[in-house]
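Here are some notes for a colleague who is opening this entry for the first time. Please read them with the structure in view.

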Amino acid sequence: MAVRGSRVLGLLRHNQSSIQNVSSRASSWWTGVEMGPPDAILGVTEAFKRDTNPKKMNLGVGAYRDDNGKPFVLPSVRKAEELLISQKLDKEYLPISGNAEFCKKSIGLAIGDDNSALADGLNVTVQGISGTGALRIGSTFLSKFFPGPKTVWLPAPTWGNHVPIFKHVNMDVQQYRYYDPKTCGFNFSGALEDISKIPEGGLIMLHACAHNPTGVDPKQEQWDEMSKVIKDRKLLPFFDMAYQGFASGDVAKDAYAVRKFLADGHKICLSQSFSKNMGLYGERAGAFTIICNDKDEAARVLSQVKILIRPLYSNPPLHGSRIVATILNNPDLHALWLEDVKGMADRIISMRSKLRSNLAKEGSVRDWTHITEQIGMFCFTGMTPDQVAKLTKEFSVYLTKDGRISVAGIASSNVEYLAHAMHQVTK
């Protein structure tokens, strides 16, 4: 009887323990959390790393590489850091709005130091955590204070982060025609038609230069016409400027659209990033600007922007902003930086030319003129998802499924191989 009782007691204890374990698992705080989809570009990079082919190429990452395929730190950045180290500066917190000198020089670079908006104190410029952070500040402010429809109109396609940035602040997202897959160029007539139908008082996002992901930019006269239509519709233009200087090698030329819109009387929003044009990817240096009607409005807007920033991240990083401010304030370093950024742009332009010419040498009869007509880091090749899959499987060339390649990932040593691979999968 005692043995039987002992067995029953043991069984009860086992069952109780099992029930507790099941109950514990069922009541986990995170049971309802689903696995999220993998990042498209991260997936490309991971597959590239696993590939053992010595000829493999990673054309998915949006970061500049030198002609040896290595990360590149600009000489002007190196010298600026040396200067900063010699000054033995402290590491105190920045204000909520960021490094004041960085903000001043950033907006001056974008719209011109002689722009009347600066002299009249109409700009609200704050430091952000690079371009993404600047966009997040802007979208958060607009979701709360924009008096028009809480809808942003984005070009189709647009940078992948634009959509979630605005959706995360509960704004609706719509698109206007931009890229023409038939020509691999700008659908100017389609863009104008769609923009002319955006409800008055709406919000439109524009890529200032080097459109990501297509590399397709409007010509200056097309920007002029777009400015007129956008003004007629009483739309607020929000420029995303991530590649100033990096597109053409000329910082003024790349700022044409932003400066033209201001000259035409638009009040704009602007996000800036120094990741590409100064190679400060990991330093997260960027800025967000709103151009206001008067000083009083600017003061009120700044007060609210700071209130929004405070619970987001309190204040921005210090080191990157110091590098940018040092370069833009020092005439010698500024001149060297202009050489650096032109050198990067020129190398990318050269790779575009070499890729196109080598495709011709391969005997390709396809029209590849868009490779050299597009601009900036990225090229929309026009290859289909099936062709991309074949390119990766047979030649170990990695890129996103939409056929976008990072031209910065091409080098003199592998451009012929890439042209051969592209011809094989597209002939």
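1. The model is a predicted one, in which local features need pLDDT of at least 70, side-chain atom pairs count only at pLDDT 80 or more, and totals for chains, interfaces and linings use all residues. Residues are numbered from 1 along each chain as its sequence is written, and side-chain values use heavy atoms, with hydrogens and water left out.

2. In α3, the residues S76, V77, A80, E81 and L84 are buried, meaning under 20% relative accessible area, with exposed meaning over 50% and partly exposed in between (1.4 Å probe, protein chains only). Because these residues cover an arc of only 135° around the axis, they lie on the same side of α3, the arc being that of the directions from the helix axis to the C-beta atoms. The exposed residues E82, I85 and S86 sit on the face of α3 turned away from its buried side.

3. Just after α3, K88 has a positive phi of about 50°.

4. An open sheet of 7 strands runs in the order β2-β10-β9-β8-β7-β3-β4, with mixed pairing; two strands pair if DSSP finds at least two bridges between them. Its edge strands, β2 (123-129) and β4 (172-177), each pair on one side only.

5. Within α6, the buried residues include G131, A134, L135 and F141.

Definitions and conventions:
Helix = DSSP H or I, 4+ residues; strand = E, 2+ residues; numbered from the N terminus.
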